[in-house]
2 protein chains.
Amino acid sequence: MDQELHSRMATAIAALSMDAVQRANSGHPGMPMGMATAATTLFTKHIKYDASTPDWPDRDRFVLSAGHGSMLLYSLLYLNGYPGWEMENLKNFRQLNSKTAGHPEYGHGAGIETTTGPLGQGLGNAVGMAMAEAHLNAIYGDDVVDHRTWAIAGDGCLMEGISQEVIALAGHLKLRKLCVIWDNNGITIDGKVSLSDSTDQRARFEASGWRTIACDGQDAMDVDRALEEAKTSDRPTLIACQTVIGFGAKNAGTAKVHGSALGEEGVAEARENLGWTSEPFVVPDDIAAAWKEAGSRGAEARKAWEQRLANSDKAEAFEAGLKGDVSAAVAALADHAAKAASEGKKVATRKASENALIAINGALKTTFGGSADLTPSNNTLTPDMDDFSDENYGGRYVRYGIREHGMAAAMNGIALHGGVIPYGGTFLVFADYMRPSVRLAALMGIRVVYVLTHDSIGLGEDGPTHQPVETLAGLRVIPNLAVFRPGDEVETAEAWACALERTSGPSVLALTRQGIGPVRKEAGENRTKRGGYVLKDMDGAKATFIATGSEVDLVLEAQDRLAQEGTPTRVVSMPCLDLFEEQDEAYQREVLGEVPRVAMEAGLRQGWDKVLFAFGGRGDFVGMKGFGASGPGASLFDYFGITAKAAADKVRELIGKD
Amino acid sequence: MDQELHSRMATAIAALSMDAVQRANSGHPGMPMGMATAATTLFTKHIKYDASTPDWPDRDRFVLSAGHGSMLLYSLLYLNGYPGWEMENLKNFRQLNSKTAGHPEYGHGAGIETTTGPLGQGLGNAVGMAMAEAHLNAIYGDDVVDHRTWAIAGDGCLMEGISQEVIALAGHLKLRKLCVIWDNNGITIDGKVSLSDSTDQRARFEASGWRTIACDGQDAMDVDRALEEAKTSDRPTLIACQTVIGFGAKNAGTAKVHGSALGEEGVAEARENLGWTSEPFVVPDDIAAAWKEAGSRGAEARKAWEQRLANSDKAEAFEAGLKGDVSAAVAALADHAAKAASEGKKVATRKASENALIAINGALKTTFGGSADLTPSNNTLTPDMDDFSDENYGGRYVRYGIREHGMAAAMNGIALHGGVIPYGGTFLVFADYMRPSVRLAALMGIRVVYVLTHDSIGLGEDGPTHQPVETLAGLRVIPNLAVFRPGDEVETAEAWACALERTSGPSVLALTRQGIGPVRKEAGENRTKRGGYVLKDMDGAKATFIATGSEVDLVLEAQDRLAQEGTPTRVVSMPCLDLFEEQDEAYQREVLGEVPRVAMEAGLRQGWDKVLFAFGGRGDFVGMKGFGASGPGASLFDYFGITAKAAADKVRELIGKD
């Protein structure tokens, strides 16, 4: 290693970072300045990548879990010569519509492997990526899949609870190709880490089966040694990389350099301290050249891999997996739905989901399932699946443990890695535990499927801590998340098809514990795709019922009751409000009709008003008004007044016949 | 210890638990059966309590973090003779309106210290209780406050990430009177813990500064030894209590006994194995008497404490603290609001909140503040507060670290303990990280105040990961949570007064990063109390604007613009939709008026339709349609069309003048 050159390459990162933050007068200079040396060592000597081909499937993955240090990543991507990265992008740091957002945003530019910023999430993504790699390596062999996952995490990442979930999971799974570099600078926003934490992080990681190595993050040779050692580990590795936050700045080593620009004077002083004489946003030619060389360091390896892939008999399967085509599963689901429609069974939709998964997993070998320790409740395991474990990375069912948040963050990493399609289960009410990761999946627009069972008071005796009432509304408000609550086995199969085909974002399947339906006598066209549709109409309908899931049964019964009194009505099944809202106005008007509307759902009203009052309509809602209660499920529907009678009464009231 | 008697006392718990689960045909027999021996040792020899006086302030606190084992707690409360606990309650386990809900529900019966079930939460509550005790002990001395906190946690509690947050916090704070008994039975729902976890839990806890002790949970003498040792610790203690889940049952030691009734045959077999010959729900007299004696074991200690308190010069202050009276703070806030109204300054509401806190904390010594490492951003620290630390338990500002979830769960414990009123800060968007604990605060109906700053795209450059758009709607849907979004310094003071006076549930203050207002020229009556009110009316108003927080400024400007065109309008400020909805219909109608309504908020629409369409009204919404973006805050309002012009245009459109 040419230490002087290496040092100047690192300083280029520090300088670009402080310059960009200064110009934006907003951002976090401390982390990129402190980690510049370590990152330079990592990128010039250890990570396998080829900047010219950022989507090379067998590249190492790099996750900046401490996403506020985004200028570290942007500097690296620019210096390495990733396509589309120009100095102009760095100059526009944190400006509207620039690819250099305040925190790294997946999809904004080549080389940004995931969106980070909310702390701890990147760690979870990295664990998921390493899981995907281990699995695909087992399936396709070293020739096709053999790469590492590297993450840089800060103290905040390590303090967030999600970190423990994924550390424990990674240690249990012995993900040896995962290396987390902890930017151990001892500083958080409030001041010293010692204000709030005394944890021996190395001992903590070791307790969960990690190898740990310490190094001096300001010493390139020492970092190099640590990274080299990490590559020989038989377990995931934590590198406790001791650094000085804001290295080079006057207030280096304090919270003052964490989250705001250094100021003109501060930048000038740091320039001097770092021996950096270039103007802002100027990188000397020799440094620029050295970085470009680093960026192309992996070109040979990439070409060799392409050759190996071309010669591999697994190339076709591998590439199909990467494409994530689900047509075989969708076809199998259509067959399954047709069979279900003809059989017309009452079934818990969690069981219907299991039946759908049997069809899916039989047709598609790239689904990667799991549950946060509720396998027998979520019905997420199908007979042809083996457990994914350190003894069988070829298995495709993950025992995530009681770690909803870690599961969701790992699933994001799995989806981002590609080659497999993750789904995972827990109780609907515990969506709260994983909400930050669900939000990120929606923001990134990636395909993750959440199988969330026990979807209402219908779960019964476990009581209000386990009964979602606000959860559906709480999930529906997340942009770009599709929430499905199917009403029988046919709709469950359709919802699964929608979720699999939805490559632009995550989907929730909210499923009952108790038996419901059947409500659909026919299958063929996937009617769930339109979000809502007329399930059962009557001539001269005087009101429209709209319901989801277990309440479709109830409004069908209400329709019958009213019909017997000579009051015809229409029943609309609306398994996905999000998709319904995406339909054109004509369709929405046609489905909802111009008569009073009664929506019914065993949840809270929020989110339904828009349906009730759309296009000048009027209507009312039958559902929950607060938390649930412990008692047998059927009795709770009566207790809370979510009954066919209540639905019928509401219609009578609205049409003036009560 | 009379080991034979002790053993039969323990078996009484096991028998009642399996009988109750069997009768309900629903519930979790495994945990109570496995932990019966350890719990009997704990309750008969170690916990300081007097069943006759369940609210004795200096009692030890007991938290069943593994809440699914509720029959353990119910059995104990019944056997100890807590007021209101009869055999009938156990027979009605999991039935509607019984106090013996599926999971322990705070408020349902004497001796239930907190609501548990969602895993890991109880651990956080216990840490909060121990924090409150340490603080009050420092303030009032050993004579008045000197008690321990005990928690029973399962593998699930320890796997949830929240556990790491509170373990690290408790270790850092050296909470020596906290003891967690880990029901180390090696079983989860999916099967063996080893399916998903290999963590050395003792090493993990030790890494965060805990003492750990192992014991055989089926051996009362060994449990006794461990508990005795725990009481001498200078740190929090984990007892790794090895047990056999479902001890006595045929399938003991397997997942089969975790979560469902044993069946008639299984119960009979367990009876035989345990040597328990009594009929279901019958406890032999000698056992019942021995338990009642245990329940009154602490009576002398309680009386001695009452005497000490009576003699203490701190009695009055202590009792006032327990009552949680906030009138002095509310009066100080009224003065502050009056001053703010007269000064009429533009100010970030996070800064306004700091000013309010200066008034509050000056008047009230029982507030207990903190932040999840965003102190300089949340403005939660006032000059008269010291840090709460192991060197200064008298301090009342908590450095929670980057642990939002742990903070929220600990605040629940602090509020439940009583004597102090907790508030804590983070960014609004990170409410997602603590949502499970917020839900429990709402379910329990306890006073906790969340100071959530950076409440919209107005925070600017940090971008969509940090910009709440769905967060307000997502919080408003939680029953019994009051969400305040004040529009200037006066409303911020009013919101704080509402939050402090709201003893029936938690409150969120959503506060801006950027300067806004002033919108209120007068203070006096707390207008925020009604949720929404007419801020500025005009004769013959043709439309009603409704806004919160930073958008009140914008609709006032829109009102001006329209007035200049000869279109009078009304502006309603609605800092709390929840409280507005609680007002009588006449008031709501009066405020909203009968003209078209335009609501404006820099968030998503969900939740606003109800306001727009209430009482047959019509209207529209100006706000966000999806995630935010990174850029300077002011530019984002223009970019997303959240402007005075857009609000005015919407009125023109609605009244047919566009």
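B:Glu461 touches residues of both chains: A:Ser26, A:Arg94, A:Gly102, B:Arg513, B:Ser630, B:Gly631 and B:Pro632, leaving aside residues up to four places away in sequence. Contact here means heavy atoms within 4.5 Å. The model is predicted: local features need pLDDT of at least 70, side-chain atom pairs count only at pLDDT 80 or more, and totals for chains, interfaces and linings use all residues. Residues are numbered from 1 along each chain as its sequence is written, chains are lettered from A in the order in which they are written, and side-chain values use heavy atoms, without hydrogens and water.

B:Glu461 lies in the loop between strand 12 (449-453) and helix 19 (471-476) of chain B. Helices (H or I, at least four residues) and strands (E, at least two) are DSSP runs, numbered from the N terminus. B:Glu461 is buried but has no salt bridge. The nearest side chain of opposite charge is B:Arg513, 4.0 Å away. Buried means under 20% relative accessible area, exposed over 50%, partly exposed in between (1.4 Å probe, protein chains only). A salt bridge needs a side-chain nitrogen of Lys or Arg within 4 Å of a carboxyl oxygen of Asp or Glu. Lys and Arg count as positive, Asp and Glu as negative; His and the chain ends are not counted.

Now the contact between the chains.

| Between chain A and chain B | Value |
|---|---|
| Residues from chain A | 92 residues |
| Residues from chain B | 92 residues |
| Buried area | about 7,800 Å² |
| Salt bridges | ten salt bridges |
| Polar contacts, both at pLDDT 80 or more | 55 residue pairs |

Helix 18 (residues 431-444) of chain A gives the most to the side of chain A that touches chain B, with eight residues. Carbon and sulfur atoms give 58% of the buried area. That area is the accessible area (1.4 Å probe) that two parts lose on being put together, summed over both. A polar contact is a pair of N or O atoms within 3.5 Å; within protein, one must be able to donate a hydrogen and the other to accept it, and residues adjacent in sequence count only if both atoms are side-chain atoms. B:Asp197 and A:Arg403 meet in a salt bridge through their side chains (2.7 Å, N to O).

Helix 3 (residues 70-80) of chain B is mostly covered, with eleven of its eleven residues buried. Its cover includes helix 1 (3-24), helix 2 (30-46) and strand 1 (61-64) of chain B, among others. Just after helix 3, B:Gly81 takes a positive phi of about 85°.

A:Ala599 is in strand 19 (residues 597-601) of chain A. A:Ala599 counts as buried because its relative accessibility is 0%.
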